[in-house]
Amino acid sequence: MKKILLPVVIILAIVLIPPAITGSKAEKELNSLTDLISSNPGYSATWENYNKGWFSTNATLTISFDTAYFDPESSQVIDIPLTFNAKHGLFLFSDTQTLGLFSYELGLQEEQSSTLEGILDFDKNQAFYTSTGAMDLTGNLTLNDKISAFSVSEEGNELSFSGYTGSGTYSSSQVLDYEAIIGQFSFSGKEDEIIKVSESSLKMSADYGQSIAKNLAPSTASFNTDEIVIETNDGNGKFNDLAVLAELVIADDKKSFDMNFDISLANGVTGEENFEDLKFVFGYDNITTAFYEAYLGALENVDSFEDPAQLFTPEVLDEALSKGMGISADQLSVTLPKGKMSSSFNFSIPPQSNLTGETVLQNPLLLTQAVLVNVNISMDQPLAAQIARSQMEQTINQQLELQRAAGQEVTLTDAELDQLIDQSVDTTLATLIQQGFLIENNNLYESVMSFQNGQATINGVEIPLEALLQGAL
């Protein structure tokens, strides 16, 4: 009898004990995931009604989002309760049998589903939102997300979305790799507004094991879509082959970071103006984590944006000033029918040894002695002439309107007005070249502007700071 009981006990131990152990392991891992969600600015995640059994766990996962993160003047907390069901391992059964710590299903609660059914038109035979996944024996999580296609109509406005599918992994070392297909989106308004976005792709990778300050982690993300169409009463636009690449790089000391962005459009049209090869490459350089956290904290208090002393403490500014920081755009370029324009700029505060956070808060104008600004612009001459003519035409027409309003007679014909505008453009460009503000280089106009030690220059020609400020105003 003992020979029979012994293998029975062993089998029961294998079958029954691991689910309890993996259930506890699942709870620990799930708590770490909610901590991860909550560490993102504006988000929080909490477990409610967490019922852990021997073989399964049932709970409600409530994800909250504070809209103040995107709009400081309109703070509203939105709660989304989700139904969570998990099965404990070691043996997991779904479409296939496998070994693992747990598998899960996540979806909207019945009340939320019923509410959506009364608002949206979608396939009621399928759940509107589902997320499924499993964690293997080494702690690696696989996940799959799906949002059903839907449409909605209200008071002459119509919106449709062809659905969302995403999949990825979250490793035991806290590395996330995720890809998604975002379905076609279209909106047509009762006032003839139209917005259409073709099917898009999203990819992201992040190492949360190396995260700092509000869950900033070394990461990359990309977004691509073939076409965006916008038609409104204010104007129309069509944009083809949009590509966005973002990267976050953490400094070795984990006290600062860089954020880099690369945005491109193959071609498009705005109004009646066609363009090609739009490229914008820019980034935030050497931003301290304390500076970033202070900014996020200010989102919860709108008034602090109007008072720098509330936004940043002297200690936060001391660290930022000692390290230096800046914003740069390595490339902003576009090709228009009349030619190409290319530019770059850099705005930075190099590491400071004399300035302190306390003195800057008392007199912010001291920063003008520390700021470095460099701007480079290159433009094909026909394009520069077209832009100058457009501005000159607007200026002259405004002057003529003022004369008419003052009762003065304006007798210019259209031909005479065109001639006046052309002459004014030629004179203006010639004057700028003579003064050294524009440099002719083959078929290009070039200009280099800089600001250092409180002194502004254009192509080496000094510009009084007072004149520069008046021009900006």
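Predicted model: local features only at pLDDT ≥ 70, side-chain atom pairs only at ≥ 80, totals over all residues.
How many bridges join strand β12 to strand β15?

**View A. Strand β15 pairs with β12 and with β16.** Strand β12 (residues 175-182) and strand β15 (residues 200-207) run antiparallel and are joined by 8 bridges. To find your place in this pairing, look for A180, whose bridge partner in β15 is L202. Strand β15 also runs antiparallel to strand β16 (residues 219-232), with 7 bridges between them. Here a handy landmark is A206, which has S219 of β16 as its bridge partner.

**View B. F185 sits in strand β13.** This strand covers residues 185-188. F185 counts as partly exposed because its relative accessibility is 28%, a value between the 20% and 50% cut-offs. Beyond its neighbours within four places in sequence, F185 is in contact with L159, S160, F161, I195, K196 and V197. For V197, 12 residues away along the chain, the C-alpha atom is 5.1 Å from that of F185.

**View C. Helix α7 spans residues 381-405.** From its first C-alpha to its last, this helix of 25 residues reaches 36 Å, close to the 36 Å expected at 1.5 Å a residue. Its buried residues are Q381, L383, A384, A388, M392, I396 and L400. As a reminder, residues three or four places apart in an α-helix point the same way, because there are 3.6 residues a turn. The cover over the buried residues of α7 includes strands β20 (325-336), β21 (339-349), β22 (372-380), β23 (439-441) and β24 (444-452), along with helix α8 (414-434).

Notes
Residues numbered from 1 in each chain as written. Heavy atoms only, no water. Helix = DSSP H or I, 4+ residues; strand = E, 2+ residues; numbered from the N terminus. Expected span 1.5 Å × (residues − 1). Buried < 20%, exposed > 50% of the residue type's maximum accessible area, 1.4 Å probe, protein only. Contact = heavy atoms within 4.5 Å. Pairing = 2+ DSSP bridges.
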